[in-house]
Amino acid sequence: MNNKIPLSFLDLAPVPEGHTIAEGIAQTVATAQQAEKSGLNRYWMAEHHNMAGIASAATSVLLSHIGSQTERIRIGAGGIMLPNHAPLVIAEQFGTLQALYGDRIDLGLGRAPGTDGATFQALRRQMKDAERFPQDVQELMYFLGNDTDGSPVQAFPGARSGVPIWILGSSLFGATLAAHLGLPYVFASHFAPQMLAQAINTYREQFKPSAYLDKPYVMLAANLLLADDDATAQYHFTSAQQSFVRLRRGETGQMPKPTHDMDSIWSQAEKMMVDNALSVSFIGSVGTVKPKLAQFLAQYEPDELIVTANIYDQAARLRSLELTPELNLFTLQ
């Protein structure tokens, strides 16, 4: 493994309890600007729907705003849930972003709907649309590529833009697809780590070089929250833990405030579920986190790491990004 790898940031544009969506978006802009200031490689946003605590549903719209408020950092989707959209529409949207912001644009694609069944129907989609994911990915690649000149349907903007496409996943399906198409692969270990080793091994073993990539490229996701001391970091991370409990209970709401007493909120079974889902988390001071994170990187040898800090307190999120360069584990810009 190289001594250092690139570090990127995944944002869900959290809307904290008691705040408006506009305030949540303003905080998201500040987070992107701090990520850029701290030297991170990419700033990605995830598509979710029907969630009061997440403001990134119109992902490409918000990415355009982020692009206008930053200068260097790559911006992209991590990811667009392709079953929710016609490939032509996504090609047009990200072709537009590429026209606006040049080669800063990335397009990560996921197969899950990113929402519940009722909302999926409200999006005028059907669950069987996910079965077309491999074909839809290839159709999108075609629309963004250089070979549509003779086609009766073309993406304007989009055609010949060459927007880089990534496959996101948390199972062997995405790993196999990314390997077959010769695309970079992102594993969602920040909330679904169960098949981490198996998926990235499958991807690396089955990878076929392509016009897009000559060798496998793996980006792993993790929760990372740094603070001046361990207790402060653990306290603020309870917002993310509460969000997972609420999600599993089917409860709605904005990003919850942190608490000093999680045991009064979750049952023992819920604690085990959350601990398992969020097991790829590095929470604490720089001194506490650095050796644990170094061990993780040595074990899985990713080509890049993308981290998220989906919490209530904006000052704590910005502080975590400020401290990130002190880890000295990453190639920063």
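Mentor: Start with a term. A pocket is an open set of grid points with protein on both sides within 12 Å along at least five of seven lines, and a lining residue has an atom within 4 Å of a point. Keep in mind that this model is predicted.

Trainee: Which residues lie nearest the centre of the second largest pocket?

Mentor: Gly162, Val163, Pro164, Ile165 and Tyr212, among 15 lining residues. Helix H5 (133-144) and strand E5 (165-169) are the elements that each give two or more residues to that lining. The space in this pocket is about 280 Å³.

Trainee: What makes up its lining by class?

Mentor: There are 11 nonpolar, 3 polar and 1 charged residues. Gly counts as polar and Val as nonpolar.

Trainee: How many cavities of 30 Å³ or more are there?

Mentor: The count is 1. A cavity is a set of points where a 1.4 Å probe fits but cannot get out. The largest cavity has a volume of about 40 Å³.

Trainee: Which residues line the largest cavity?

Mentor: Phe9, Leu224, Val307, Ala309, Arg317, Ser320, Leu321 and Thr324. Helix H11 (residues 314-323) gives the most, with 3 residues. The classes are 5 nonpolar, 2 polar and 1 charged.

Trainee: Leu224 is in that lining. What is its bridge partner in E8?

Mentor: Phe282. Strand E7 (residues 218-226) and E8 run parallel, joined by 4 bridges. Two bridges are enough for two strands to pair, so E7 and E8 qualify.

Trainee: What makes both faces of E8 count as covered?

Mentor: Ser281 and Ile283 are buried on one side, Phe282 and Gly284 on the other. Side chains in a regular strand alternate between the two faces of the sheet.

Trainee: Why is Ser189 called buried?

Mentor: The cut-off is under 20% relative accessible area. Ser189 has 0% relative accessibility, so Ser189 counts as buried. Ser189 sits in the loop between strand E6 (185-187) and helix H7 (196-206). Beyond four places in sequence, Ser189 touches Leu196, Leu220, Ala221, Ala277 and Val280.

Trainee: Which members of the largest nonpolar core touch the most other members?

Mentor: Leu107, Val137, Leu293, Phe296 and Leu305, out of 88 residues. Take Leu293. Leaving aside neighbours within four places in sequence, Leu293 is in contact with Phe282, Leu305, Leu327, Leu329 and Phe330. A second, separate core has 11 residues, including Trp44, Val186, Met219 and Ile306.

Technical notes
Residues are numbered from 1 along each chain as its sequence is written. This is a predicted model: local features need pLDDT of at least 70, side-chain atom pairs count only at pLDDT 80 or more; totals for chains, interfaces and linings use all residues. Side-chain values use heavy atoms; hydrogens and water are left out. Buried means under 20% relative accessible area, exposed over 50%, partly exposed in between (1.4 Å probe, protein chains only). Grid points are joined across faces, edges and corners, and a volume is the space filled by probe spheres set on the points. A nonpolar core is a set of buried Ala, Val, Leu, Ile, Met, Phe, Trp, Tyr and Cys residues joined through side-chain atoms within 4.5 Å. Contact means heavy atoms within 4.5 Å.
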